[in-house]
Amino acid sequence: MNGTTKGSARLRIALFGDTHIEPEGDPQPRSNRRAVTVVERINRNGLELALHLGDVVHPLPSMASAEAAWQAADAILGSLRMPLEVIPGNHDIGDKPLPWLPAKSVRADWVESFEARFGPACRAIDHGPIRLLLLNAPLLNSGLDGEAMQWRQLEELLAEPGERRLFAFLHYPPYLVAADEPSTYDNLDEPGRGRLLALLADHGCEALFCGHLHHRFLDRHAGMAIYTLPATGFTRRDYVETHPLAPTEDQEHGRNLATKLGFLELVIHEQGYCTRFHRLENDFAPPAGHALGVDLRHPWCEVRALPFNPPTDAFQRRRVRDDRAVLALLDLGISHARVPLDDFLDPALRSRMSFLAACHGVRWTVFALGPLAPDVAELLSESAGMIEAVEIIGDIGSAPPRLPVLAAPLITAHDAGGDATNLAQFTGWGLSLEALRALQEELSPCVSGYVLDLPWQQPFAATARAATALAAERQWRLHVTVGLMGARPDLAVTDHEAIAARVREAAAFAARHPAHLFFLDTFESIDRGYFVRQGLIDRRGDPTPVGLALARLGAKDQP
């Protein structure tokens, strides 16, 4: 699971939504089959509460088929063996009130029909000191009498005396990228958005969970984490624009990415909380405490503009951050990541790094070509709470105080030598084992250790054992680059069984040597260009066979 926690678990909740159940038929609609599977999986996991975040049914409330879909939903959800709470989505009670949206807006009679089935849409559920706030998102900014009543009720619930930990749930996410972004099909509109965010932040809400997008996203606002859940029924086509690969034929232009579907398990502890994504396909339990880090070679925090395209946003470009890599990093239990200095110097990326460190325990290694400028060294030092170490390639310059510095020479193909009959172009950083042995034992005053380059063609175990033994003898700290790339830019490394064996070996070794860091090169597969190689995730952000091998490391593989 990802998240930082202390103490025992106090409450375990299954969060799911966007089931889009349809009237039963022969054959049974696919979304219904998937909802049945999710219910069965939730029942098997011994959770205490199930919470549906809206869009229970697919037919809109104005359609004649809606009642038959609700009957099918009652039968499917009625199989849950724990209490079920449901909040409404736009398919349940109507769209939020904007004139250019593709469906009819929320109506009071549709809200009443929903509440007759599930109880008040705005309410609190208390479990000891834990308070779950359930909200009716389509009602916000509607001007209906129910909206004013919901604001009063929410403010009264938040004003009640007593120390409570708050978690909030609603269908629409408040925003996609920025709290001041314009209204789109997929966010809350003003003034309701700002009012709600301010209320939740002022009362110390720990996390807000949303649906509607059918894809997972992760953010933080004023200390409050914001999670957007996966769907169970289908993936939305528009958000597949963030993937660098076109959908395959069986993925139906982005509607059927089954590896992106599932539910979220939320476990609230005495302090903190954690989440786990349960996939409908290729599911895996959280990895058993491996210590491997990864190189984030691809951009991992890009904001993408989606095409203006009906039926959602036909008149503007909706912007969304591509969270594929970050979510995969957390799913695979990876808490060490290595990024270039320019990532750290970008304020948006640095804020993201800070969030992932504070809320998910991710520790960052920053590498840079030396010499470091004094102001850069000082900025790195000011971020010592999230940065694990700095690797400086070549001349060190101004070493950042309060942070470990690891030295590494620049590597080029010319320096490395090799086959003189081929054009072997390459640049990187790190020392070979032979070069490490040739160094003087005494470190420079500002240096804690060195970066060891362990290329693909070099056996891992023997080299790693010799290097760590030398480091222990000389009291050095090591960062080891576990190479997965071939010896030449035109040689692809795609044998997933051989790569998986090397990754498993590195994971077991890293767990036995916590004084040193081991970084896999690379995390997201390089599937085009130079040095093609398979990483832990593919270009859609799904685990590769290598990633699944790491995720499924058993206790026998750990020390």
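Which residues lie nearest the centre of the second largest pocket? Select Arg236, Arg237, Asp238, Pro311 and Thr312, which are nearest among the 34 residues that line this pocket. Before you go on, note that this is a predicted model, where local features need pLDDT of at least 70, side-chain atom pairs count only at pLDDT 80 or more, and totals for chains, interfaces and linings use all residues. Residues are numbered from 1 along each chain as its sequence is written, and side-chain values use heavy atoms, with hydrogens and water left out.

**Stop 1: the pocket**

Here is what the words stand for: on a 1 Å grid over the protein atoms alone, a cavity is a set of points where a 1.4 Å probe fits but cannot get out, a pocket is an open set with protein on both sides within 12 Å along at least five of seven lines, and lining residues have an atom within 4 Å of a point. Grid points are joined across faces, edges and corners, and a volume is the space filled by probe spheres set on the points. The second largest pocket comes out at about 740 Å³. Colour its lining by class and you get 15 nonpolar, 11 polar and eight charged residues. Here Ala, Val, Leu, Ile, Met, Phe, Trp, Tyr, Cys and Pro count as nonpolar, Asp, Glu, Lys and Arg as charged, and the others, Gly among them, as polar.

Proline 311 sits in the loop between strand 12 (303-305) and strand 13 (319-321). Helices (H or I, at least four residues) and strands (E, at least two) are DSSP runs, numbered from the N terminus.

**Stop 2: the largest cavity**

Searching the whole structure turns up seven cavities of 30 Å³ or more. The largest cavity has a volume of about 230 Å³. Select His215, Arg216, Lys260, Arg324 and Leu327, the closest to its centre of the 19 lining residues. Strand 10 (262-279) and helix 7 (324-331) are the elements that give two or more residues to this lining, and helix 7 has the largest share, with four. By class, the lining of the largest cavity holds five nonpolar, five polar and nine charged residues.

**Stop 3: helix 6**

Now pick residues 192-202, which make up helix 6. Gly192, Arg193, Leu196, Leu197, Leu199 and Leu200 are buried there; buried means under 20% relative accessible area, exposed over 50%, and partly exposed in between (1.4 Å probe, protein chains only). Why are they on the same side of helix 6? Because they cover an arc of only 165° around the axis, the arc being that of the directions from the helix axis to the C-beta atoms.

A cis peptide bond joins glutamate 190 to proline 191, with omega about 5°. After helix 6 comes glycine 204, whose phi is positive, near 70°.

**Stop 4: rings**

Show the aromatic side chains. Rings of Phe, Tyr and Trp (its six-membered ring) pair if their centres lie within 6.5 Å; planes under 30 degrees apart count as stacked, over 60 as edge-to-face and the rest as tilted. The count comes to 14 aromatic pairs. Phenylalanine 114 and phenylalanine 118 have ring centres 5.0 Å apart and planes at 45°, so this pair is tilted. Next, zoom to phenylalanine 217 and tyrosine 239: with centres 5.7 Å apart and planes at 65°, the pair is edge-to-face. Phenylalanine 217 lies in strand 8 and tyrosine 239 in the loop between strand 9 and strand 10, so the pair ties together parts 22 residues apart in sequence. Then select Phe167, Phe169, Phe209, Tyr227 and Tyr273, which ring pairs link into a cluster.

**Stop 5: alanine 14**

Last, go to alanine 14 in strand 1 (residues 5-16). Buried or exposed? Alanine 14 counts as buried, at 0% relative accessibility. Alanine 14 and phenylalanine 263 are 249 residues apart in sequence, yet 6.9 Å apart in space, C-alpha to C-alpha. Leaving aside neighbours within four places in sequence, alanine 14 has contacts (heavy atoms within 4.5 Å) that include Ile42, Leu47 and Phe263.
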